[in-house]
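Reader: I have a new structure to look through. Can you walk me through it?

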Amino acid sequence: MQSVTPTWQRVAPPGQPSEGLTQYGELAGGRRVLLARVQGKVYATQANCGHMRFPLGDGKLDGTILTCPLHKAQFDLTTGAAVKGPQIPFLIKGTKMGRGILSVAADPLQTYEVDEHTDGVYVRGRVAVQ
Ligand code: FES
């Protein structure tokens, strides 16, 4: 039987990502995490959106709010909470309404603890131990 134990894992070289940018890191077993540096602090979340799992690496960062590039859901990197749902455009043919935006819910992002050392950036992720 497998158990899951949280362990600290190095996911990026020291000083990465640069201020205001995001990048991917990788946990043991190949799971990617998204790293973002805001005002000198690194945040780590799951790498894919809480809506339809679109990769968040090209998302727009505004402070600690990350906007998904696909449907513009917004997530607070400090908690992983979805602060704005996806904005899905729709078109109604043959009506005067024409088009609109449907706002739906997104799941929150999983967040990870982060610690920076002289040899790199570490996150505390879960790996299976047999
Ligand atoms: S996949 Fe991110 S908002 Fe839809």
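Author: What follows is a short chat about the fold, the surface and one residue. This is a predicted model, where local features need pLDDT of at least 70, side-chain atom pairs count only at pLDDT 80 or more, and totals for chains, interfaces and linings use all residues. Residues are numbered from 1 along each chain as its sequence is written, and side-chain values use heavy atoms, with hydrogens and water left out.

Reader: OK, how many helices and strands does the protein have?

Author: The protein has zero helices and 12 strands. Helices (H or I, at least four residues) and strands (E, at least two) are DSSP runs, numbered from the N terminus.

Reader: What box do the C-alpha atoms fill?

Author: Along the principal axes, the box is roughly 60 × 40 × 20 Å.

Reader: And what share of the residues is buried?

Author: Of the 130 residues in the protein, 35% are buried. Buried means under 20% relative accessible area, exposed over 50%, and partly exposed in between (1.4 Å probe, protein chains only).

Reader: Switching to W8. Where is W8 found?

Author: W8 is found in strand β1, which covers residues 3–12.

Reader: Why does W8 count as partly exposed?

Author: Because its relative accessibility is 40%, W8 counts as partly exposed.

Reader: Which residues does W8 touch?

Author: Leaving out residues up to four places away in sequence, W8 touches E113, V114, D115, Y122, V123 and R124. Contact means heavy atoms within 4.5 Å.

Reader: How far apart are W8 and G98 in space?

Author: C-alpha to C-alpha, W8 and G98 are 52 Å apart, and in sequence they are 90 residues apart.
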